Amino acid sequence: MTFFVPSPSVPDRPVTTNVVTMTTSASLPAGSAAPAAGAASVTDRLVEANRRYAEQFADPGMDARPVLRVAVVACMDARLDLHKALGLELGDCHTIRNAGGVVTDDTIRSLTISQRALGTRAVILIHHTGCGLESLTEDFRHELEDEVGQRPAWAVEAFRDVDQDVRQSMQRVRTNPFLPHKDDVRGFVFDVHTGLLREIDPAS
């Protein structure tokens, strides 16, 4: 979960409605060989990028309350650039991501803190086309148990119908007793080829 949020005194900004098509960024150009032994690791490169970022960084004086009072739950897929896709700016929202963007106990934990301690009211749930969880089953847990001798306590949360899984996620939010704000919960499927969101009717 990322908390990059400004002061609540900043006026609400309307969310930009246009969306953009996104592409997957590769660590290495196509056809490139793997890094040679002794070369900087991915983490080393990211830390160096952070040093360059910090040289230009100015503290915006933000606190931990999102300006738009919204929490976005989405898949961790690298093709989803949520801020660009939703027209969001630094400080607008809480972002909660996991494999599949499903509503798990840990997602509920984050949403509960987001609403009760940090003032959010709306919840946006975003799955996407071509999700890796559509190709997995709960057998994944059994395979892990065979490999390491211990079955994971967590469920894979695999699914076959992305629309139905969004509906299930909406239902989990709307029926959870720990969440006080459930009137504005909406679910979408993001198309990784067009960049467009398609809203899911919870009643279908």
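Select Phe190 first: Leu197 in β5 stands opposite this residue. You are looking at a predicted model.

**The hairpin**

Together the two strands form a hairpin, with 6 residues between them. Now pick Gly195 in the turn. Its phi is positive, about 80 degrees.

**The sheet**

Zoom out to the strands. Which order do they take? Reading across, the order is β2-β1-β3-β4-β5. These 5 strands form an open sheet with mixed pairing. Select the edges next: β2 (93–98) and β5 (197–200). Each edge strand has a single partner, so one side of each has no neighbour in the sheet. On average, neighbouring strands are turned by 25 degrees against each other, direction ignored.

Strands of a sheet pair through backbone hydrogen bonds, parallel or antiparallel. Move to β1, residues 70–75. β1 and β2 run parallel, joined by 6 bridges.

Jump to helix α1, residues 42–56. Select Glu48 and Arg51. How far apart are the closest N and O atoms of this salt bridge? They are 2.9 Å apart. Both residues sit in α1, 3 residues apart, about one turn of the helix. Side chains of opposite charge can pair when their charged atoms come close. With a side-chain nitrogen of Lys or Arg within 4 Å of a carboxyl oxygen of Asp or Glu as the criterion, the count is 8 salt bridges.

**A charged patch**

Finish on the surface. Select Glu138, Asp139, Glu143 and Asp146. These residues gather in a patch of negative charge. Among them, Glu143 lies in helix α4, residues 139–148.

Key: Residues numbered from 1 in each chain as written. Predicted model: local features only at pLDDT ≥ 70, side-chain atom pairs only at ≥ 80, totals over all residues. Heavy atoms only, no water. Patch = residues over 30% accessible without salt bridge, like charges linked within 9 Å, V, L, I, M, F, W, Y side chains within 5 Å. Areas by Shrake-Rupley, 256 points an atom, 1.4 Å probe, with all protein chains shown as cover. Lys, Arg positive; Asp, Glu negative; His and termini not counted. Charge placed at Lys NZ, Arg CZ, Asp CG, Glu CD. Helix = DSSP H or I, 4+ residues; strand = E, 2+ residues; numbered from the N terminus. Pairing = 2+ DSSP bridges. Axes fitted to C-alpha atoms, helices over the stretch in contact; angles between N-to-C directions.
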